[in-house]
Amino acid sequence: MAYTITMLSWSVVEFGQQLQARRELSNALDAIKWGTDYLIKAHREPDVLYGEVGDGVSDHACWQRPEDMTTPRTAYRIDARHRSRPSLPGVKTVPLCRRLHCFQELGPRYSFTLLNNAKRNHPGVYQNSIPVAGQFYTSSGYEDELVWAAAWLERATNNKTYTQFITRAPNTGGLQKYFSWDAKFVGAQVLIAKGVLEGKFPTRGKLGQMKGNADQYICNLIQKGKNNVPKTNGGLLWFLQGNNQKLHTRLKPKSIELHGRVRANYPKQVHHRGASIVSIKKDPRPVGCGQGYVEWFNKNAENPNVIIGAIVAGPDQGDKFNDSRQNPGQTEPSTYNNAPFVGVLARLAS
């Protein structure tokens with residue numbers, strides 16, 4: 001969630017004018033503020049952070065509409081009793097401080113609140129304190145979150161303390177293979193590269209090396225580097241199996257219009273509970289935990305509802321796409337799929 005809000009925020013920071021031109025800026029800001037408000041509420045005390053609500057195992061045992069969910073809503077938190085200080089505060093830092101640039105018009109009080117919530121530095125992997133989270137979103141490490149958070153805090157405050165933190169960090173990523181919710185070094189490197197180009201940071205030393213790594217990463221993406229990212233025969237950059245690049249579902253009820261052309265070929269069985277079960281407005285009868293699997297999940301038919309604008313995981317390395325809700329590795333959508341696309345699509349649409 002923090003990564004999603006951060007990437008949506010970055011879209012606004014870099015492409016706010018294009019979003020405004022398409023009358024989408026206020027929608028983006030509303031979505032961001034919903035997320036930052038939630039994260040602030042999850043961190044009401046200095047040494048308490050709520051990191052998860054619900055249990056992935058019990059949730060996945062049921063296939064129900066959100067309105068019918070009966071699984072426990074247990075809230076898991078990090079507090080003084082847990083000696084392993086997790087990386088979650090570092091993850092949360094970014095969207096909170098990022099809002100300093102997007103919400104200046106809301107006044108200094110909200111910006112101060114965000115920044116105050118962002119300044120946390122308790123290293124460690126968060127699943128040590130919230131083991132249930134590690135079953136689905138295991139953190140491979142916390143060093144990238146700390147560098148990523150420091151890079152954003154520096155941009156938000158111009159406080160060189162954060163630059164010094166980065167220069168002293170034992171690990172700034174080196175040359176990375178991809179950028180994701182669990183691998184944020186590339187994002188930090190790009191931010192530092194931007195600072196170098198703006199004349200804020202030196203071209204030599206560790207910060208200069210980070211810029212060089214960012215340059216090489218981008219060169220590899222555009223097939224001009226020394227270790228280019230593989231591409232499928234269809235031209236899709238291929239990073240990893242499972243949730244590689246994304247495939248758009250339809251954006252309008254019946255089709256997508258692209259420069260006068262209509263494209264009606266979109267995923268019909270998106271792996272999403274709300275989309276795959278008939279709306280409660282059409283059939284208010286509760287759908288039981290196992291009933292949803294029997295009547296809807298295992299049903300080889302199109303979803304009754306369109307999850308408008310969602311981006312699913314996408315095709316495999318052979319450019320094949322098995323459109324089945326039983327194939328979440330390709331058909332599952334997520335907010336962190338969508339968020340990075342917002343600014344890019346706004347720029348392309350300008």
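A: A salt bridge here is a side-chain nitrogen of Lys or Arg within 4 Å of a carboxyl oxygen of Asp or Glu. The model is predicted, so local features need pLDDT of at least 70 and side-chain atom pairs count only at pLDDT 80 or more, while totals for chains, interfaces and linings use all residues. Residues are numbered from 1 along each chain as its sequence is written, and side-chain values use heavy atoms, with hydrogens and water left out.

By this rule the count comes to 11 salt bridges.

Start with K33 and D37. Their closest N and O atoms are 2.9 Å apart. The two residues sit four residues apart in helix α2, so about one helical turn separates them. Helices are DSSP runs of H or I with at least four residues, strands are runs of E with at least two, and both are numbered from the N terminus. K33 is partly exposed at 27% relative accessible area. D37 is partly exposed too, at 22%. The classes are set with a 1.4 Å probe on protein chains only: buried is under 20% relative accessible area, exposed is over 50%, and partly exposed lies in between.

Next, R73 and D59. Their side chains meet at 2.5 Å, N to O. This pair links distant parts of the chain, 14 residues apart: D59 is in helix α3 (56–60), and R73 is in the loop between α3 and β2 (75–78). R73 is partly exposed, with 42% relative accessibility. D59 is buried, at 19%.

Then E154 and K160. The N to O distance is 3.3 Å. E154 is buried, with a relative accessibility of 2%. K160 is partly exposed at 37%.

Salt bridges also join into a network, which links E14, R155, K194 and E198.

A nonpolar core is a set of buried Ala, Val, Leu, Ile, Met, Phe, Trp, Tyr and Cys residues joined through side-chain atoms within 4.5 Å. The largest has 30 residues, of which V12, V147, W148, I166, I192 and M210 touch the most other members. Helices that each supply at least two residues of this core include α1 (2–21), α2 (25–41), α6 and α7 (160–168). The largest share, seven residues, comes from α1.
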